[in-house]
Each structure stands twice: as C-alpha cells, then as structure tokens.
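Subject: Structure handover

Hello,

Please find the structure below, followed by notes on what was found in it.

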Amino acid sequence: MKSSIVMLIFALAASAAVFTFNLGTVEGEFYILEIQSKGAVLASVEKTDGAFPETLEVIEAFFVIPENCIGCGICINECPVDAITMTDDNIALIDPEACINCGMCASACPTSTIEVVDSADCQLFGIDAEGNEELIQEELEVE
Ligand code: SF4
Ligand code: SF4
C-alpha cells in the first residue's frame, strides 16, 4: 500500500527546474563560493586552477531555513523518498537531487521553515581561507 502511495506521489510531483546563476567577476581572496538563501547553502564551488567557474546551478527544490529549524525530525518521517537527514547541529537538511518536490515535509513542519527555492532570494557569498564568510552579491542574474 505504501509503495503505491509513493508511486502516486512520484507521478504527481512537479519535476524540479534548475537555476543557472551567473557568478560574474569575483574580487577578493575567496576559495569557496556559495549560493545561499535565507541562511541555507544551496550550492557551492571551490576555486580550481586559480579561478571560479562562470556559472553555478541551483536545483529548484525544497530547502530548510536553518535558524528556524527545531530539529524535531517530523519532516524526515514524512518524506516518501528519504531525501532529508539531520546534521550534527540537529538541523534538517534536504538533498535537492533526491527531492521530488511533493511538499509533504513543508506541510508537516511545525515551524513553517521549509520552502521552495526562489531565485529572487538567492545571494552569492565567498568563504576565505580562515572560513570567514562575506556577502559578495545580492539579486543574482539568472541565465
Ligand atoms: S518536498 Fe520534502 S517530503 Fe517531498 S520529496 Fe522533497 S524533501 Fe521529501
Ligand atoms: S519538521 Fe521543520 S522544525 Fe522539524 S526538523 Fe523538519 S525542518 Fe526542522
């Protein structure tokens, strides 16, 4: 019975789109770039051969806003495809590649802290060698 429910959810779930963000010219001594939304890291890339790539992709999946998560684990039990795990800091984390965008976790979350990625809310951050984080750009350009 459960497997048929999961198959129905798969059929009804929207396929996730992908946002391709232009990173532009990055000034500063960073070794990692991150696309973040509301404190959640959605994608990251390390500098290779002295340069960053020109673009970075973010899957339009559900994500957890870290500062609002109380670590109750309800979303983990709701997810039909086991796309959610708990971090060492007791914050739920959704694997965007596994998420089928059914929305069941968001409906069940008692703190309403699970949302779908909105490209208008994404920002570019840089991480330096000491782990310090700096906002590089708001309102990123989508290809
Ligand atoms: S929307 Fe939530 S419950 Fe549904 S697949 Fe994605 S992480 Fe799992
Ligand atoms: S249901 Fe909401 S508050 Fe509970 S662990 Fe999941 S994201 Fe965090």
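Among contacts in the chain between residues at least 6 apart in sequence, 65% link residues at least 24 apart; two residues are in contact if their C-beta atoms, placed from the backbone, lie within 7 Å. This is a predicted model, in which local features need pLDDT of at least 70 and side-chain atom pairs count only at pLDDT 80 or more, while totals for chains, interfaces and linings use all residues. Residues are numbered from 1 along each chain as its sequence is written, and chains are lettered from A and ligands numbered from 1 in the order in which they are written.

Overall make-up

The chain has three helices and 11 strands. Helices (H or I, at least four residues) and strands (E, at least two) are DSSP runs, numbered from the N terminus. Along the sequence they follow the pattern α-β-β-β-β-β-α-β-β-α-β-β-β-β. Of the 143 residues, 22% count as buried. A residue is buried if 20 or more other C-beta atoms lie within 10 Å of its own, exposed if 12 or fewer, and partly exposed in between, with C-beta atoms placed from the backbone.

The four-stranded sheet

Four strands form an open, antiparallel sheet in the order S3-S2-S9-S10. S3 and S10 are at the edges with a single partner strand each, so one side of each is left without a neighbour in the sheet. Direction ignored, neighbouring strands of this sheet are turned by 30° against each other on average; the axes are lines fitted to C-alpha atoms, for helices over the stretch in contact, and angles run from 0 to 180 degrees between N-to-C directions.

Two strands pair if DSSP finds at least two bridges between them. S2 and S9 are antiparallel and share six bridges, and Ser-37 has Cys-122 in S9 as its bridge partner. On to strand S10 (residues 133-137), S9 is joined by four bridges, again antiparallel. Here Phe-125 is bridged to Leu-135 in S10, and Leu-124 stands opposite Gln-137. S9 and S10 form a hairpin with five residues between them, and Gly-131 in the turn has a positive phi of about 85°.

In a regular strand the side chains alternate between the two faces of the sheet.

The three-stranded sheet

The order in this open sheet is S4-S1-S11, with antiparallel pairing. Its edge strands are S4 and strand S11 (141-142), each of which pairs on one side only. Five bridges hold the antiparallel pair S1 and S4, and Thr-20 stands opposite Glu-57 in S4.

The nonpolar core

A nonpolar core is a set of buried Ala, Val, Leu, Ile, Met, Phe, Trp, Tyr and Cys residues joined through C-beta atoms within 7 Å. The largest one has 30 residues, of which Phe-63 and Ile-94 touch the most other members. Several strands supply at least two residues each, among them S1 (18-22), S5 (62-64) and S7 (92-94). S5 gives the most, with three residues. Not counting residues up to four places away in sequence, Ile-94 touches Ala-61, Phe-62, Phe-63, Val-64, Ala-83, Ile-84 and Cys-99.

The two ligands

Ligand 1 is surrounded by 14 residues, the closest being Phe-62, Cys-79, Cys-99, Cys-102 and Cys-105. A residue counts as near a molecule if its C-beta atom, placed from the backbone, lies within 6 Å of it. This shell divides into 11 nonpolar, two polar and one charged. Ala, Val, Leu, Ile, Met, Phe, Trp, Tyr, Cys and Pro count as nonpolar, Asp, Glu, Lys and Arg as charged, and the others, Gly among them, as polar.

Around ligand 2 there are also 14 residues, with Cys-69, Cys-72, Cys-75, Ala-92 and Cys-109 the closest. This shell has 10 nonpolar, four polar and no charged residues.

Two loop residues

Most residues other than glycine have a negative phi, and most peptide bonds are trans. Lys-38, not a glycine, has a positive phi of about 50°; this residue is in the loop between S2 and S3. Asp-49 has a positive phi of about 55° and is in the loop between S3 and S4. Lys-38 is partly exposed because 18 other C-beta atoms lie within 10 Å, whereas Asp-49 is exposed, with 4.

Regards
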